[in-house]
Amino acid sequence: MRDNRQNVDERRAAKKAARRAYKAIRSGILPEDREKFAANMAEILFTSAIYRYSGKILAYASFADEADTLAFCKKALSDGRELYLPKSYPGGLMRFFAVHRFEELTKGAFGVLEPEENAEKEYVPSEQKADLCIVPGVCFDVYGYRIGYGKGYYDRFLTKFTGVTAGLAYDACFCRDALPYEKRYDKAVDFIVTEKGIYKSVRS
């Protein structure tokens, strides 16, 4: 039991170290490059089969030095897709609500733009099927595992999601080796999208 606890602690320490390292890499990307890379990611997504066959999409409003998702979300709406964005609650709970205009969004607890709570607009995994979920992360690896912000919101949510999942990451934050992860809690995505292409995750 003690050895297992030590292994868990070691993995969590490794995840924290990877989070710090990749956040530093991400923050070092020049603003003009960040803008160009985000546009490339959006274009790659728009021309992909996973977008083409998705009518209902779960995405997120980017913040800080994340790859900008604004253009993607606006085009998804103009293409007639049903778009849902997350709202965070205490205890690691996250709920998605339909968005029709970006003017509807307000800043949440972490400074992230969120939709208003409206039961009639909520996406409920047990009652509805969404085709695609765009997942944020500090970094992703070739196996689809990610280092997020340590709160576990998406890992909890993805246990109930049955559609296709795609992570967005700058290529500099796409790890070709395995990132540390906890098999019991961490959920891998199906695809990783960078400014250089879209990659199907390697499943062992």
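Buried, here, means under 20% relative accessible area, while exposed means over 50% and partly exposed lies in between, using a 1.4 Å probe and protein chains only. Welcome to this predicted model, in which local features need pLDDT of at least 70, side-chain atom pairs count only at pLDDT 80 or more, and totals for chains, interfaces and linings use all residues. Residues are numbered from 1 along each chain as its sequence is written, and side-chain values use heavy atoms, with hydrogens and water left out.

Let us start with the strands. Helices (H or I, at least four residues) and strands (E, at least two) are DSSP runs, numbered from the N terminus. Strand β10, residues 164-168, is mostly covered, with four of its five residues buried.

Next comes helix α4, residues 70-78, whose buried residues are Phe 72, Cys 73 and Ala 76. Seen down the helix axis, these buried residues fall within an arc of 95°, so they line one face of α4; the arc is that of the directions from the helix axis to the C-beta atoms. What covers them includes α2 (31-46), α3 (49-52), β1 (56-58), β2 (82-89) and β7. After α4 comes Gly 80, with a positive phi near 85°.

Now for the rings. Rings of Phe, Tyr and Trp (its six-membered ring) pair if their centres lie within 6.5 Å; planes under 30 degrees apart count as stacked, over 60 as edge-to-face and the rest as tilted. The structure holds 12 aromatic pairs. Among them, Phe 46 and Phe 72 are stacked, 5.5 Å centre to centre with 10° between the planes. This pair links distant parts of the chain, since Phe 46 is in helix α2 and Phe 72 in helix α4, 26 residues apart. Both Phe 46 and Phe 72 are buried.

Charged ends also sit over rings, which requires NZ of Lys or CZ of Arg within 6 Å of the ring centre and within 35 degrees of the ring normal.

| Charged residue | Ring | Distance from ring centre |
|---|---|---|
| Lys 75 | Phe 46 | 4.8 Å |
| Arg 176 | Tyr 199 | 5.9 Å |

Notes:
Contact = heavy atoms within 4.5 Å.
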